[in-house]
Every structure is written in C-alpha cells, then in structure tokens.
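Subject: Handover of a structure and summary of findings

Dear colleague,

Please find the structure below, with the sequence alongside.

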Amino acid sequence: MAKRAVADAVSTAVVSTDVVSTDVSTDVVSMDVVSTDVVSTDVVSTDVVSEARPSEAASEEPAIEHESWISPSAMGRRAFNRHASAAALTLGTGSAFYGALFGRRDYTIEEVPIPIAGLPRTLDGLTVVQLSDIHVGSFVGEGELRAAEALVREARPDLIVLTGDLLDHDAAYAPQLGRFVERLRPLARFGVAAIPGNHDHYAGVEAVEEALRRAGAHLMTNAGRLIGDGGGAFGLVGVDDLWAKEGRAPNLERALAMVPRDVPKILLAHQPVFLEQAVGKVQLQLSGHTHGGQVSLGWNPAELVLPNGWVRGRYDVGESILYVNRGFGTAGPPTRLFSPPEVTKLVLVAA
Ligand SMILES: [Fe+2]
C-alpha cells in the first residue's frame, strides 16, 4: 500500500509538471535568444581546444576562417549544445524563479477521508483540519498567515491540529504565532491542538509552547485528551519531536496513559518515521516535516532519501494509517516546486 501511495504522489507531481511546464517553456523561449551568446562562448572554446591537436591540424586544409574548420556534424553538435545549454540554464533559472514567486503560494486544500475503526457514529464525518510546518519567520509573515486562516475557515473544521515546525528559527516570531492561533481557535468547536517540531526546538520551544498556551491551544506534547460529545469520543494524543533538545524526548506511553484504552486514537507526531514506534497503537498518525520534498521535478529524490519513503499523502501500515502533510511554509530557500503548500481536511469515517 505504501508503494501505491508513493506512486500516487509521484503521478500527482507528474501531472503538476504538465500543468506548469507551459510557463517554464515560455521562459525558455524568451530567454533562449538572450542566453545563446553567453553559452556559445563556452561551446566555441571547446572546438578551439580540439583544433590545437597537431595530428588533426596537419590533415586539414589551412585555417583561414575559424568557421571553415567545423564540419557540418560538428556544427550540428554545436547548435545542439548551444540550445541545450541555453535551455538547461533557462529551465533552472525559470524553475527557481517560478518556485520562489508562485510555487510556495499555490495553496491547496487536500480533502482526505480516513476510516477510523471504532469511531462513535455521532462523530462520523468529523473534520480535522491539519496545518503543519508553517515556519513563521523571515519568509512566512502576516500575508501567508491570513491566507492560511482563510483556507482553514473554508475547510470548516471541527478540530484544528498543528503538527510542528510552527516557527522557522527565531523565537521573536512566537507572539505572531500566538495571535494566529487565537484567530484560528474560534473556527473549530474542539479548538486547536498542537505539538512542536524540530524547528521549534531550534527557535526556542519554551517560547513556542508559551505562545500556544496563551492563545488557548491544547498543548499535546507527550499528552492526551478526549475529543467527542455525549455520543462518544476518540483519544487525541501527541508527542514531542524525535530531535527534541536534550532533556526532552517523545513519550507515547505517557500520552496514551492519559486517555482510556478502549477508544480509537489519533496521534500527532511531527516526523512520519515516528510511526515505526506507534504502529498498531494508534489508528491514525498525522505528521509533516518532509514538506513533500519541497522541490520536485516529477521525480522526487526525497522518496528515496527519507525513511520508508514516507514523504507525502496517505500510507497504510499494518493496522495504522499515516498521513503526511506537505506543510504550509518553507525551510531553507523560500521555494517550492511541484509540492504545493497544503491544508489538509481530514474527514473521519466511522468504520
Ligand atoms: Fe518543516
């Protein structure tokens, strides 16, 4: 099943490539003329080197005009090289340009039905909206947060979950995160629940957690709580990040002990690989961390590099389901290619 999910993700990326390539190829055409002269300098100099070989020079007619030394096939090769180099240069530049300008703001709501064994009938259809990897900081500010708020509102959540990397690298942005969470809280009847990610530890996890508390969010770091109504409930549990700073660590057993054993459980864990510890203990794990690879050109190297190939989307593992959100912000360069920022609308189905 995991392989199928990965294949789905890859095919999604391929489809996206088709959609966006029109813009990129337009760039190729428009820049080809400009860059040809620059690139052709390198191509010609290669020919000059080959001309310097004495044995070849002796067998040729005396060179008068530089161009007369070049055979038709070499000319074809030169033309090909010139255009290929120009295209590669332009594609790279154009792609980075597109990713920086537009890719990181191609906001997408992914609606995903998730069957939950043992979910009370009264909670059938309950909507959990997941935001992950917002990375509030230098490149994600008020404009992006307002866009996120509008998307969450559009998704009509019963519960909002934030699965880590809420700040990028600087605790000075914690108050802005707090104001954002305050605005989210009234949008869902069960409020906002949150865990930290590795970047929150880099930025200053105490400041992040204090901002979340002040904003009225349920802090789920190694903690559990019941979510439901008179008809029944499920257990929402959360863990600290696997790369938590010294003195802290994920503690799933502690979180599970805070909810009854006989209710279905949904786990918030920043890194997908945590499922290796949680499989069979929870019905669903919600994660982020990978940014869906963040930069992809149809083929996504992250699928080979990251543990188990868990990069984005749904994976069925044993009795558990993993869902990996592509994230909302960016880490490192503010660029996304064919991995659009995501707000996930998970619709729980009683199974
Ligand atoms: Fe992240």
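Among contacts in the protein chain between residues at least 6 apart in sequence, what percentage join residues at least 24 apart? The share is 77%, where a contact means that two C-beta atoms, placed from the backbone, lie within 7 Å.

**Basis and confidence**

This is a predicted model, in which local features need pLDDT of at least 70 and side-chain atom pairs count only at pLDDT 80 or more, while totals for chains, interfaces and linings use all residues. Residues are numbered from 1 along each chain as its sequence is written. The average pLDDT (the predictor's confidence in each residue, from 0 to 100) of the protein chain is 77, and 67% of the residues score at least 70. Over residues 1-95 the pLDDT is below 50, and this stretch has 65 contacts in the model beyond near neighbours in sequence. Where pLDDT is low, the predicted coordinates should not be read in detail.

**Overall content**

The protein chain has 10 helices and 12 strands; these are DSSP runs, numbered from the N terminus, with helices being H or I of at least four residues and strands E of at least two. Of its 351 residues, 40% count as buried. A residue is buried if 20 or more other C-beta atoms lie within 10 Å of its own, exposed if 12 or fewer, and partly exposed in between, with C-beta atoms placed from the backbone.

Six strands form an open sheet in the order 6-7-8-9-11-10, with mixed pairing; two strands pair if DSSP finds at least two bridges between them. Strand 6 (223-229) and strand 10 (313-317) are the edge strands, each pairing on one side only. On average, neighbouring strands of this sheet are turned by 20° against each other, direction ignored. For such angles, axes are lines fitted to C-alpha atoms, for helices over the stretch in contact, and values run from 0 to 180 degrees between N-to-C directions.

The pairing can be followed from strand 6. Seven bridges link strand 6 to strand 7 (residues 232-238) in the antiparallel sense, and I227 stands opposite F234 in strand 7. Strand 7 and strand 8 run parallel and are joined by four bridges, with L236 opposite I266 in strand 8. Strand 8 in turn pairs with strand 9 in the parallel sense over three bridges; here I266 stands opposite L284 in strand 9.

In a regular strand the side chains alternate between the two faces of the sheet. In strand 8 (residues 265-268) both faces are covered: K265 and L267 are buried on one side, I266 and L268 on the other.

The largest nonpolar core has 68 residues, of which L177, V192, A193, A194 and V208 touch the most other members. Such a core is a set of buried Ala, Val, Leu, Ile, Met, Phe, Trp, Tyr and Cys residues joined through C-beta atoms within 7 Å. Helix 5 (residues 174-184) supplies the largest share of this core, five residues. Leaving aside neighbours within four places in sequence, the contacts of A193 include L236 and L268.

In helix 7 (residues 205-214), the buried residues are V205, V208, A211 and L212. They lie on the same side of helix 7 because they cover an arc of only 130° around the axis, the arc being that of the directions from the helix axis to the C-beta atoms. Helix 5, strand 4 (192-195), helix 6 (198-203) and strand 5 (218-219) are among the elements that cover these buried residues. Just after helix 7, G216 takes a positive phi of about 85°.

A203 belongs to helix 6 and is buried, with 26 other C-beta atoms within 10 Å.

**Two histidines with positive phi**

H135, although not a glycine, has a positive phi of about 55°. This residue is in the loop between strand 2 (127-131) and helix 4 (142-155) and counts as buried because 27 C-beta neighbours lie inside 10 Å. H289, also not a glycine, has a positive phi of about 80°. The loop between strand 9 (284-287) and helix 10 (302-305) holds H289, which is buried with 28 other C-beta atoms within 10 Å.

Yours sincerely
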